[in-house]
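Here is a short report on one helix and the nonpolar packing around it. Please read it with the model open.

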Amino acid sequence: MGLRPIADLVVGRQEITMPFLNSIQTHVQTLQPGSAERLILEFLLQNAVGRHNAQPWSALDTHLRHHDVSIRQ
């Protein structure tokens, strides 16, 4: 799953600089495809970067269950 660079993200009219995102994206690529850790990080990178993009636990849980992964909150 290819992830777009998001270290410099524009949300609304504000630019958010999060340099640690590049290292997380690099780390994700070292994880086993389909692993719970990789699925969680990919979901968060794609859907939950920045405080205005917060996701409820139910959204992450649904994503994981779609990939046959079950974890507790």
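Ile 40 touches Leu 60, Leu 64 and Ile 71, leaving out residues up to four places away in sequence; contact means heavy atoms within 4.5 Å. This is a predicted model: local features need pLDDT of at least 70, side-chain atom pairs count only at pLDDT 80 or more, and totals for chains, interfaces and linings use all residues. Residues are numbered from 1 along each chain as its sequence is written, and side-chain values use heavy atoms, with hydrogens and water left out.

Ile 40 sits in helix α2. Helices (H or I, at least four residues) are DSSP runs, numbered from the N terminus. Helix α2 spans residues 36–47 and has twelve residues. From first C-alpha to last, α2 reaches 16 Å, close to the 16 Å expected at 1.5 Å a residue; that expected span is 1.5 Å times one less than the number of residues.

| Helix | Residues |
|---|---|
| α2 | 36–47 |

Ile 40 and His 63 are 23 residues apart in sequence, yet 8.5 Å apart in space, C-alpha to C-alpha.

The largest nonpolar core has six residues: Leu 39, Ile 40, Phe 43, Leu 60, Leu 64 and Val 69. Such a core is a set of buried Ala, Val, Leu, Ile, Met, Phe, Trp, Tyr and Cys residues joined through side-chain atoms within 4.5 Å. Helix α2 gives the most to this core, with three residues.

Notes:
Helix = DSSP H or I, 4+ residues; strand = E, 2+ residues; numbered from the N terminus. Buried < 20%, exposed > 50% of the residue type's maximum accessible area, 1.4 Å probe, protein only.
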